[in-house]
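Please have the sequence and the coordinates at hand while reading.

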Amino acid sequence: MQQSNAYIITFSVILTVVLGLLLSGTSQVLGPLQREAEALDKKKQILGAVISGEEIDAMSPEEVNAFYTSHIASTVVDINGQEVTEKDGAAVTAENVDIAKNYKMPAEDRLYPVFIFHAEGNPDDVQSYILPLYGAGLWDAIWGYIALDTDMNTVGGITLAHAGETPGLGARITESGVQQRYVGKEIFDESGDLVAVEMQKGEGKDYSADPHKVDGMSGATITGNGVNSMLKNYLGHYQAFIESKKSSQAVAAAF
Amino acid sequence: MSTETVEKAIEKKPAEALLSKRRKKLITDPLVDDNPITIQVLGICSALAVTTQMKPTLVMAISVIFVIVMSNLVISLMRNTIPTRVRIIVQLAVVATLVTLVSEVLRAFAYDMYKELSVFVGLIITNCIVMGRLEAFALGNKPYDSVLDGFGSALGYSWIILTVAFFRELWGSGSVFGIPVFDYVSGIFGPDFKLATNGLMVSPVGAFIILGLIIWVQRTKTGYVEH
């Protein structure tokens, strides 16, 4: 009887339904918690561009949320640097923009969130602008956040993350030692052209005199190239926004 | 004396002790003599991949223990109803469900671990130890015995990957469970005394070397020879 086709089919159907219900039930119950965890992780990454990883690790989830709320304001711009408040009839907030999804669209159609790091509770006292980055590494996606000081030129900090770079090689972009190399570098050259910051091939050289170059990661040149083009692309997409902030500050300084 | 024999006659089969000698063997055998990694050489992939640090390794070990024990239990409970022709796919469905549960729970309650272990939690499905125990044991044995057997195999797997992770993290990153041991040692002997970490230990090659050494030591001790 157990070998009959009818029995096998019935058995399979029942098993599938039971397991399916179990899984969808779990997903329903845990869904809100998972979304919370993901949102928290995103906030940690954004904050990682302006404060050190150790400081963030020492904070409890509530503290991270509180710190984020009191220090980060956000806006969304398009490729021309114009503020976007709604798209297709739905309100747009920077936290809800999915960079990975936007990456699949043509650059002109994408939404570009900007996170503004300001003094505690005072959104007018801007300390740096945090811009998201997204691109391709050697094996899979890489992404991150870069913080620009208010001169819109000096890099205040960067966080980098990856989906599947080689552990010990390309995966080192997540190490604070590698990310520290970007601090203080400049993205515009003397004539005002956007050149971004380029990670070099090879490791162990001193690039402290060159504002547009950082030391590379030995054995991870392709990941390094991915980081370079990601930086160049996204800073390029944000260029209109960056220039507008630059000129408004120049005006403010003139007064 | 006589009353005892009468009682036995009524019961026909006396209940086996909860942890009889035979059952203890189910747990202890896979720890050394029949270890899934060092003797059967199964589950090597994850043993290499997740063992750069102790913390993710511990989470991985707990996940594997949960999956093996639970799948052994479920399959053993169903063993008389599973049609033989589709048994592998049934086992796979049960294991896959359990693994997805583990991964969902990690994602909700330990997101950092979920990110770090990423694909390797999902890959527990393909861990040969899990399916191997289902095929070899749970399909033909009672639930309680199967649970013990699964627990034993999972422990055998866990202590090996934890040992590998201990040495890889110590020599590769100079720490144990994230505590910077090397820095403390350097602190004792003054600033001129620096313990160097070995980059080889961070790469999967390091796991091969440590695992090889463990197998060597173990086989020298037990005198196990491959046939």
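Which helices of chain A and chain B each supply at least two residues of the lining of the second largest pocket? The answer is given below for this predicted model.

## The second largest pocket

Four helices each contribute at least two residues to the lining of the second largest pocket: H1 (5–48) and H3 (61–71) of chain A, and H5 (87–109) and H6 (111–117) of chain B. Helix H1(A) gives the largest share, with 8 residues.

The second largest pocket holds about 400 Å³ of space. Its lining consists of 20 residues, and those closest to the centre of the pocket are Ala37(A), Leu40(A), Pro61(A), Ala108(B) and Tyr111(B). By class, the lining comprises 12 nonpolar, 2 polar and 6 charged residues.

## The interface between the chains

The size of an interface is often expressed as the accessible area lost when the parts come together. Between chain B and chain A, about 2000 Å² is buried, and carbon and sulfur atoms give 62% of this area. On the side of chain B, the residues that lose the most area to chain A are Pro83(B), Arg85(B) and Tyr111(B), which together account for 24% of what that side buries. Tyr111(B) also belongs to the residues closest to the centre of the second largest pocket.

The contact involves 23 residues from chain B and 22 residues from chain A. There are 2 salt bridges between chain B and chain A. A salt bridge joins the side chains of Asp112(B) and Lys44(A), with an N to O distance of 3.8 Å.

## Salt bridges within the chains

Over all chains, the structure holds 12 salt bridges. In chain B, the side chains of Arg23(B) and Asp145(B) form a salt bridge at 2.7 Å, N to O. Arg23(B) lies in helix H2 (residues 21–28) and Asp145(B) in helix H9 (residues 143–173) of chain B, so this pair ties together parts that are 122 residues apart in sequence. Are these two side chains in buried or exposed residues? Arg23(B) has a relative accessible area of 11% and is buried; Asp145(B) is buried as well, at 7% relative accessibility.

Arg87(B) and Glu135(B) also meet through their side chains in a salt bridge, at 3.0 Å from N to O. This pair links distant parts of the chain, with Arg87(B) in helix H5 and Glu135(B) in helix H8 (residues 128–136) of chain B, 48 residues apart. Arg87(B) is partly exposed, with a relative accessible area of 27%, and Glu135(B) is partly exposed at 31% relative accessibility.

A further salt bridge pairs Asp29(B) with Lys25(B), whose closest N and O atoms are 3.5 Å apart. Asp29(B) is partly exposed at 27% relative accessible area, and Lys25(B) is partly exposed at 48%. In chain A, a network of salt bridges links Arg172(A), Glu175(A), Arg181(A) and Glu203(A).

## Backbone angles in two loops

Where in chain A does Met152(A) lie? Met152(A) is placed in the loop between strand S6 (141–149) and strand S7 (155–162). Although Met152(A) is not a glycine, its phi is positive, at about 60 degrees. Met152(A) is buried, with 0% relative accessibility.

Ala196(A), likewise a residue other than glycine, has a positive phi near 60 degrees. Ala196(A) is found in the loop between helix H5 (176–180) and strand S8 (198–199) of chain A. Its relative accessibility is 1%, and Ala196(A) therefore counts as buried.

Conventions: Residues are numbered from 1 along each chain as its sequence is written. Chains are lettered from A and ligands numbered from 1 in the order in which they are written. This is a predicted model: local features need pLDDT of at least 70, side-chain atom pairs count only at pLDDT 80 or more; totals for chains, interfaces and linings use all residues. Side-chain values use heavy atoms; hydrogens and water are left out. On a 1 Å grid over the protein atoms alone, a cavity is a set of points where a 1.4 Å probe fits but cannot get out, and a pocket is an open set with protein on both sides within 12 Å along at least five of seven lines; lining residues have an atom within 4 Å of a point. Grid points are joined across faces, edges and corners, and a volume is the space filled by probe spheres set on the points. Ala, Val, Leu, Ile, Met, Phe, Trp, Tyr, Cys and Pro count as nonpolar, Asp, Glu, Lys and Arg as charged, and the others, Gly among them, as polar. A salt bridge is a side-chain nitrogen of Lys or Arg within 4 Å of a carboxyl oxygen of Asp or Glu. Buried means under 20% relative accessible area, exposed over 50%, partly exposed in between (1.4 Å probe, protein chains only). Contact means heavy atoms within 4.5 Å. Buried area is the accessible area (1.4 Å probe) that two parts lose on being put together, summed over both.
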